[in-house]
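Colleague: Please put the sequence and the model up. Then let us walk through the fold together.

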Amino acid sequence: MLTIHGRPNSINVQKVVWIAAEIGLDFDRLDVGGPFGGNDTPEYLAMNPNGRIPTIRDGDFTLWESNAILSYLMLKYGDD
């Protein structure tokens, strides 16, 4: 299952959530960053050494940077 790490009021997180919903993916979104914190923990920094949001976990695969995530989701799950 896809997990999206990031706060709901981040435009970069919103565009990842939007494309995941448009593709029809099942996903969980976890509150990270801003007032929620958590993006400076050792666990989060192990996924994303930049400590920024969004970050996704797709099974064992981890990716950060919203535009890279959009490209990945479209290439892996998108329809022609």
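**From fold to details**

Colleague: Which elements make a right-handed β-α-β unit?
Modeller: Helices (H or I, at least four residues) and strands (E, at least two) are DSSP runs, numbered from the N terminus. A crossover is right-handed if, with the strands pointing away from the viewer, the path from the first strand over the helix to the second runs clockwise. The right-handed β-α-β unit here is made by S1, H1 and S2.

Colleague: What should I know about the model itself?
Modeller: This is a predicted model: local features need pLDDT of at least 70, side-chain atom pairs count only at pLDDT 80 or more, and totals for chains, interfaces and linings use all residues. Residues are numbered from 1 along each chain as its sequence is written, and side-chain values use heavy atoms, with hydrogens and water left out.

Colleague: What is the order of the strands in the open sheet?
Modeller: Two strands pair if DSSP finds at least two bridges between them. The sheet is open, has four strands and shows mixed pairing. S2 (27-30) and S4 stand at the edges with a single partner strand each, so one side of each has no neighbour in the sheet. The order is S2-S1-S3-S4.

Colleague: In which sense do S1 and S2 pair, parallel or antiparallel?
Modeller: S1 covers residues 2-5, and four bridges link S1 with S2. Ile4 has Arg29 as its bridge partner in S2, and Thr3 stands opposite Asp28. The sense of the S1 and S2 pairing is parallel.

Colleague: Which residue in S3 is the bridge partner of His5?
Modeller: S1 and S3 pair in the antiparallel sense over four bridges. Leu2 stands opposite Asp58 in S3. On the S2 side, His5 has Leu30 as its bridge partner. In S3, the bridge partner of His5 is Thr55.

Colleague: Are the S1 side chains buried or exposed?
Modeller: Buried means under 20% relative accessible area, exposed over 50%, and partly exposed in between (1.4 Å probe, protein chains only). In a regular strand the side chains alternate between the two faces of the sheet. Leu2 and Ile4 point one way from S1, and Thr3 and His5 the other way. All four of these residues are buried.

Colleague: What is the relative accessible area of Arg29?
Modeller: Arg29 lies in strand S2. Contact means heavy atoms within 4.5 Å. Not counting residues up to four places away in sequence, Arg29 touches Ile4, Gly6, Arg7, Pro8, Val13 and Val17. Arg29 is still partly exposed, with a relative accessible area of 30%.

Colleague: At what angle do the axes of H1 and H3 cross?
Modeller: Axes are lines fitted to C-alpha atoms, for helices over the stretch in contact, and angles run from 0 to 180 degrees between N-to-C directions. H1 (residues 11-23) and H3 (residues 66-77) have axes that come within 9 Å. Angles under 35 degrees count as roughly parallel, so H1 and H3 are roughly parallel to each other. Their axes cross at roughly 5 degrees.

Colleague: Which residues of H1 meet H3?
Modeller: On the H3 side, the residues are Ser66, Asn67, Ile69, Leu70, Leu73, Met74 and Tyr77. On the H1 side, they are Asn12, Lys15, Val16, Ile19 and Ile23.

Colleague: Which residue is joined to Ile53 by a cis peptide bond?
Modeller: Most residues other than glycine have a negative phi, and most peptide bonds are trans. Here omega is about -5 degrees.

Colleague: What is the phi of Glu65?
Modeller: Glu65 sits in the loop between S4 (61-64) and H3. Glu65 is partly exposed, at 39% relative accessible area. Its phi is positive, in a residue other than glycine, and near 80 degrees.

Key
Angles under 35 degrees count as roughly parallel, over 145 as roughly antiparallel, 65 to 115 as roughly perpendicular and the rest as oblique.
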